[in-house]
Amino acid sequence: MKYGYFDDEKREYVITDPATPLPWINYLGRNDMYGLISNTAGGYTFFKDAKLRRLTRFRYNNIPRDFGGRYYYIKDGETIWNPSFMPCKTKLDNYKCRHGMGYSIFEGTNNDLFASLTCFIPLNDNVEIHKLTIENRLPKTKSIQIYGTVEWCLYNAVDDSSNFQRNYNIGEVLIDKKNNAIFHTTEYRERRNHFAFFHVNKDIDGFDSDLDTFIGKMNSWSNPQAVMAGTSYSSIASGWSPISALRNDITLAPNEKITLIYLLGYVENDKEEKYLKDGSVNTTKAINLIKKYQDTQAVNKAFKDLSQKWKEDLSKFKVETKNDKFNRMINIWNQYQCMTTYNLSRSASYFESGIGRGMGFRDSCQDILGFVHIIPQKARQRIIDIASIQFEDGSTYHQYQPLNKKGNADIGSGFNDDPLWLVACASAYIKETGDISFLNEPVPFNNEIGSEVPLFDHLTRSIDYIIKNNGPHGLPLIGRADWNDCLNLNCFSLSPGESFQTASNYDSHKAESIFIAGMFVIYGREYAQLARLIGKNKEEQRVLKEVQKIERAVIKHGWDGNWYLRAYDAFKNKVGSKENKEGKIYIEPQCICTMAKIGEKYDMPKKAVASMEKYLLCDYGVQLLAPCYTKYHIELGEITSYPPGYKENGSVFCHTNPWAIIAETQVGNSEKAFEIYKKITPAFIEDISEIHRSEPYVYCQTIAGREAKNYGEGKNSWLTGTASWSFVAVSQYILGIQPQYDGLLIKPHLPKEMESVKIVRKFREVTYNINITNKNTGGIKMLVDGIESKNTFIKYNNIKKVVDVEIRM
Ligand code: BGC
Ligand code: NOJ
């Protein structure tokens with residue numbers, strides 16, 4: 001069952017039924033200001049940091065689930081309704097939500113009134129624009145009232161939802177009737193030098209700024225007293241919950257339409273400029289923004305510029321095949337999701353509350369892999385920010401807050417895979433750009449001024465951290481966890497509520513990870529190659545020797561007969577082995593060790609992939625492990641806390657599936673690779689939206705596995721490493737366009753059904769138009785500008801800006 005359709009021409013997903021199984025959301029903004037917006041206009045807006053600088057309020061764990069948003073009310077006689085359906089739930093004659101690139105449009109018709117609400121954040125201003133157009137389609141005049149509303153959050157979202165003894169006293173607003181604006185000035189008198197505002201570009205006929213007055217006793221957002229009565233109470237919030245509700249009374253002649261522009265803005269003033277000479281709040285910057293977006297023309301232009309920017313960003317990699325689902329995922333939604341995960345890491349979605357973690361070290365490093373081709377310069381800066389939270393011994397903070405970029409001391413360090421991901425993203429950036437001098441960039445440790453060393457030295461510390469932290473089998477120590485945050489082999493937790501990750505209360509210094517071993521082989525080699533490129537041949541040799549050591553250790557101690565083991569626990573017992581009753585086989589080592597080609601001589605990768613298919617492949621992708629744990633194993637940690645089939649305990653943990661796809665291509669199974677791709681990729685499962693339940697345009701973190709009650713249900717959509725790894729799997733392995741330090745390597749692994757593929761790849765200064773004819777011959781031939789090549793590597797030069805590449809296979 002579907003709840004909408006893809007409009008590829010406009011790059012939109014169009015939702016036609018407001019009652020989607022879960023809120024289906026979109027993101028506004030791409031620089032400093034962001035908005036989460038659901039298909040019924042729910043969600044919230046923040047500046048840079050969803051925890052520390054939250055502008056509007058969202059109510060978590062609510063019924064209905066999606067509550068708090070940009071709510072526009074139309075009062076037409078006795079009927080009140082919203083173009084976005086919620087919160088009134090008045091039946092609409094027509095409803096559409098168009099989620100597009102950085103914008104969402106809501107269209108609703110009720111009783112011959114047509115309303116369209118376009119929400120977006122322009123490229124370079126901190127303002128969320130809501131353009132509301134209302135058209136009278138009746139042959140007679142209509143008098144209606146329009147209320148635009150937002151509810152303010154008191155900036156610190158954690159405090160806002162917990163510290164009521166203070167918060168119910170501090171709320172302040174400033175009413176500026178002349179400018180039809182309400183400013184949210186809570187705490188501006190003391191330590192804040194910022195405020196938010198809400199404005200409409202037409203003289204208002206009334207306002208409210210106190211929630212309780214506007215809503216009325218015992219009412220809710222679905223039937224606010226003021227709207228029901230068709231009036232406003234001019235309430236001025238003093239403590240409690242400040243809101244902005246702006247009312248306009250409008251008369252529309254037959255076929256007349258009106259457009260109102262609402263601005264939800266954010267402004268910062270320098271300390272010395274907080275107040276004007278007369279002691280009043282300095283609203284100059286806000287007024288300037290208001291002036292800038294006064295008329296529809298300016299707003300339409302900003303919208304066009306935004307669309308143009310997206311078009312440009314999505315032009316770096318384009319593919320054309322006969323498969324529309326594939327095309328739209330690669331050309332539009334997958335890359336769009338990569339940009340979103342890059343911007344927000346795992347901070348704010350409908351599953352990540354925005355009040356928990358900020359930016360994750362390993363998450364951000366991996367997000368770069370799918371983003372770096374879009375805006376390499378931004379990736380460069382991010383890599384510096386990430387590397388700056390590393391410690392001198394090579395370990396690193398696991399997370400940092402985006403507002404101040406400081407490492408998060410509550411979580412600390414000790415996730416032993418983290419350091420290696422830095423090598424992964426730094427090398428991906430250099431391959432994309434050729435900017436090898438990046439390795440000289442001075443970067444501090446733990447953000448301490450004066451501690452700067454060249455970026456390359458950070459990579460060295462990453463590598464050495466793994467080398468120095470080996471366990472009894474010569475395999476890397478796992479620490480608090482590796483990529484699998486829930487495999488906590490040094491945390492023996494019996495207290496409810498205790499964090500499995502940070503309560504490392506059984507520091508065995510014995511538990512080892514075969515996953516980190518596989519990573520070390522891949523990224524150790526990558527690092528060695530970088531060392532060679534900058535003339536450090538001894539360093540190259542030193543690390544290659546260490547790589548070999550780890551390879552040997554995996555072959556000797558990390559192989560279980562038909563698949564790679566997952567780990568050794570604190571007592572040196574095997575995890576992910578046929579000897580275990582539950583959790584006999586895990587997906588991660590099968591993929592990563594296959595990618596690392598560990599034990600190729602002994603056919604280990606082939607056998608591991610075959611076992612993965614046999615035990616882990618289900619209807620909706622490849623499960624993380626099998627059989628799922630049915631009991632809590634104190635020595636394994638959080639992974640066994642989940643009911644079977646959910647999250648790390650054997651769901652299809654989507655992030656790992658692109659690894660499975662890559663692994664399949666590495667052992668020559670192009671068909672299987674594509675089969676797995678189709679199982680997890682949202683556009684391919686749109687038809688079963690009633691089972692999958694999550695958005696059919698973006699990846700989820702997990703799809704409930706075979707052993708789960710809700711088999712096939714997707715959860716935790718949007719902010720997942722699945723986005724970037726899927727893009728890597730498709731662009732570099734299925735389509736096979738691999739950036740290298742000195743050019744592009746073309747090595748496709750196409751399924752039979754893809755007989756002809758056209759790719760446009762902008763790489764550095766050159767556009768490569770690549771045409772592939774796939775006759776499944778088993779061989780491969782390449783012609784560059786008509787001339788046959790010896791191999792399928794194209795050395796980079798920028799003499800010709802457009803290069804035609806012909807691949808026959
Ligand atoms: C989740 C993991 C997540 C971890 C850290 C766990 O509860 O299952 O997926 O990585 O928390 O936030
Ligand atoms: C989600 C976390 O953000 C990510 O860092 C981790 O690798 C996965 N969960 C798996 O546990």
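A polar contact is a pair of N or O atoms within 3.5 Å; within protein, one must be able to donate a hydrogen and the other to accept it, and residues adjacent in sequence count only if both atoms are side-chain atoms. With that in hand, welcome to this predicted model, where local features need pLDDT of at least 70, side-chain atom pairs count only at pLDDT 80 or more, and totals for chains, interfaces and linings use all residues. Residues are numbered from 1 along each chain as its sequence is written, chains are lettered from A and ligands numbered from 1 in the order in which they are written, and side-chain values use heavy atoms, with hydrogens and water left out.

**Two ligands**

Let us begin with ligand 1. Around ligand 1 (a heavy atom within 4 Å) stand Arg357, Asp485, Cys486, Glu638, Tyr642, Lys647, Glu648 and Gln701.

| Ligand | Residue and part | Distance |
|---|---|---|
| ligand 1 | Tyr642, side chain | 2.6 Å |
| ligand 1 | Lys647, side chain | 3.2 Å |
| ligand 1 | Glu648, side chain | 2.7 Å |
| ligand 2 | Arg362, side chain | 2.8 Å |
| ligand 2 | Asp363, side chain | 2.7 Å |
| ligand 2 | Asp485, backbone | 3.0 Å |

How much of ligand 2 is buried by the protein? Of the 290 Å² that ligand 2 exposes when taken alone, the protein buries 95%. For ligand 1, the protein covers 77% of the 310 Å² of accessible area that this ligand has on its own. These areas come from the Shrake-Rupley method with a 1.4 Å probe.

**A sheet of three strands**

Next comes an open, antiparallel sheet with its three strands in the order β32-β33-β34. Strands are DSSP runs (E, at least two residues), helices likewise (H or I, at least four), numbered from the N terminus; two strands pair if DSSP finds at least two bridges between them. β32 (652-653) and β34 (714-717) each have a single partner strand, so one side of each is left without a neighbour in the sheet. β33 (residues 700-703) is joined to β32 by two bridges, and Phe653 stands opposite Thr702 in β33.

**A buried serine**

Finally, look at Ser388, in the loop between α9 (376-387) and β22 (399-400). Is Ser388 buried or exposed? Ser388 counts as buried because its relative accessibility is 5%, and buried means under 20%. Leaving aside residues up to four places away in sequence, Ser388 touches Val443, Pro444, Phe445, Asn446 and Asn447, where contact means heavy atoms within 4.5 Å.

Technical notes:
Buried < 20%, exposed > 50% of the residue type's maximum accessible area, 1.4 Å probe, protein only.
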